[in-house]
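Take a look at the fold below. We will go through its rings, a pair of helices and a pocket.

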Amino acid sequence: MPAVESNMFPLGKQAPSFSLTNVIDGNVVRLEDVKSDVATVIMFICNHCPFVKHVQHELVRLANDYMPKGVSFVAINSNDAEQYPEDSPENMKKVAEELGYPFPYLYDETQEVAKAYDAACTPDFYIFDRDLKCVYRGQLDDSRPNNGIPVTGESIRTALDALLEGRPVPEKQKPSIGCSIKWKQAL
């Protein structure tokens, strides 16, 4: 399966609002509910993609490292669960519980949220500042399945550290690379 790069959502653009079900507890989560006064990290992930599987443990470490500093995290799966049953809400809940996701894992059944964020791949990462303006979009780090580079979350950590220290987030940002979002087929 060919790898797809991020579309690189424009820096400075406002985060599109959303209201999606958290598969972990069944509650509806809105962007306003997870917005942080420090930074909000939005991750488009899924269960079946080898690029996501490669970084899942780092996503948990990253969130556990930065949530105590006031950063909020939310993961969204927009894949077509009919074509990819491994990405169904039931299976999302299983993966979230097995890995101990400390953040909501939301199901974007209509795929409207992925479209609003111009998400292209899994994983795809976005960081928004306290005003929900985009300051980072792109990769977690330089690690990819089978490239031998350790998974560290360095790109996201660098951006979050800059925000926490009141410095500008570096504008040189690399796109994420992963599996394409599995879009529903038009009837």
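How many aromatic pairs does the structure hold? The structure holds 10. Rings of Phe, Tyr and Trp (its six-membered ring) pair if their centres lie within 6.5 Å; planes under 30 degrees apart are stacked, over 60 edge-to-face, and the rest tilted. Take Phe 9 and Tyr 126: their ring centres are 5.6 Å apart and their planes stand at 85 degrees, so this pair is edge-to-face. Phe 9 sits in the loop between strand S1 (4–5) and strand S2 (19–22), and Tyr 126 in strand S8 (residues 124–129), so the pair ties together parts 117 residues apart in sequence. Helices (H or I, at least four residues) and strands (E, at least two) are DSSP runs, numbered from the N terminus.

This is a predicted model: local features need pLDDT of at least 70, side-chain atom pairs count only at pLDDT 80 or more, and totals for chains, interfaces and linings use all residues. Residues are numbered from 1 along each chain as its sequence is written, and side-chain values use heavy atoms, without hydrogens and water.

Now the helices. The axes of H2 (residues 50–66) and H5 (residues 154–164) come within 12 Å and cross at roughly 10 degrees. Axes are lines fitted to C-alpha atoms, for helices over the stretch in contact, with angles from 0 to 180 degrees between N-to-C directions. H2 and H5 are therefore roughly parallel (under 35 degrees). Among the residues in contact (heavy atoms within 4.5 Å) are Arg 61 and Tyr 66 in H2, and Ile 156 and Leu 164 in H5.

H5 also gives the most to the lining of the largest pocket, with 4 residues.

Notes
Parallel < 35°, antiparallel > 145°, perpendicular 65-115°, else oblique.
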